[in-house]
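Here's a quick tour of one protein chain. Take a look at the structure first, then read on.

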Amino acid sequence: MLTLFQQIFTSANVTFMLKGLGMTVAIAVLATLLSMFFGTILALIRTYAKGRWRFASGLVGAYVEFFRCTPNLLWILWIYFTVRGNKIAVCVFAITLFTSAVMAEIFRGGLNSIPIGQFEGAQSQGFNFFQTLWYIVLPQMIKKVIPALVSQVITIIKDTSFLKMVDINEFMRNCSVVLGTIYDVRGMVMLFAFEALCYFAICFTLSCVVRQYQKTLVTA
């Protein structure tokens, strides 16, 4: 068993797999930041677009429902094979396109929980609409959606494994390359356990950090 372990987890194999893990984290971080940015804009439009801008709210609603009701993998494959450019950038774009819709709904829930009196109070202090959003509404919204936001970030990290289907050198794909050199079921189980442990370590650490942050907010 020890010899089999040493054959699988050689220095070259571990370095190769961890390089893929670094790519996974990089793609997840970039997609998360972009999705949060565009998701916030979409949520603001859908929540506050009124009057002559109501059509924009309807368009955003259609976008959100369309992408939320279709698989992420479908968009990764479709965009990868139809959009030209850097492969990694194209895949980040595909994940962002899908996840922005999910983020928009998360943020919209947070915005709807903000009492309308916040706007009235801010207006009485001389704040305009955009100042009220930036200084008062958005900070409160982020605090309210942290649990759902972290859950979605964890989903993004796991969804990067879909990029194996388009041969991006992320963690799951690099582990599959190593798996192709293993001809023993015990070795395959070891490798699968290593993959699960790595994903668990990242996602569980993220959850613990955010839970600790929430505790500081409560005690502050």
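This is a predicted model: local features need pLDDT of at least 70, side-chain atom pairs count only at pLDDT 80 or more; totals for chains, interfaces and linings use all residues.

Residues are numbered from 1 along each chain as its sequence is written, and side-chain values use heavy atoms, with hydrogens and water left out.

**The core**
- The largest nonpolar core has 59 residues, and M17, F107, L163 and F171 touch the most other members.
- That kind of core is a set of buried Ala, Val, Leu, Ile, Met, Phe, Trp, Tyr and Cys residues joined through side-chain atoms within 4.5 Å; buried means under 20% relative accessible area, exposed over 50%, partly exposed in between (1.4 Å probe, protein chains only).
- Helix α5 gives the largest share of this core, 13 residues.
- Helices here are DSSP runs (H or I) of at least four residues, numbered from the N terminus.

- D159 sits in helix α7 (residues 129-159).
- D159 is buried yet has no salt bridge (a side-chain nitrogen of Lys or Arg within 4 Å of a carboxyl oxygen of Asp or Glu).
- The nearest side chain of opposite charge to D159 is K158, 7.1 Å away.

**Helix α8**
- F171, R173, N174, C175 and V178 are buried in α8 (residues 171-179).
- E170 caps the N-terminal end of α8, with a side-chain oxygen 2.9 Å from the backbone nitrogen of M172.

**F38**
- F38 belongs to helix α2 (residues 11-48).
- F38 counts as partly exposed because its relative accessibility is 39%.

Note on methods. Helices (H or I, at least four residues) and strands (E, at least two) are DSSP runs, numbered from the N terminus. A polar contact is a pair of N or O atoms within 3.5 Å; within protein, one must be able to donate a hydrogen and the other to accept it, and residues adjacent in sequence count only if both atoms are side-chain atoms. Lys and Arg count as positive and Asp and Glu as negative; His and the chain ends are not counted.
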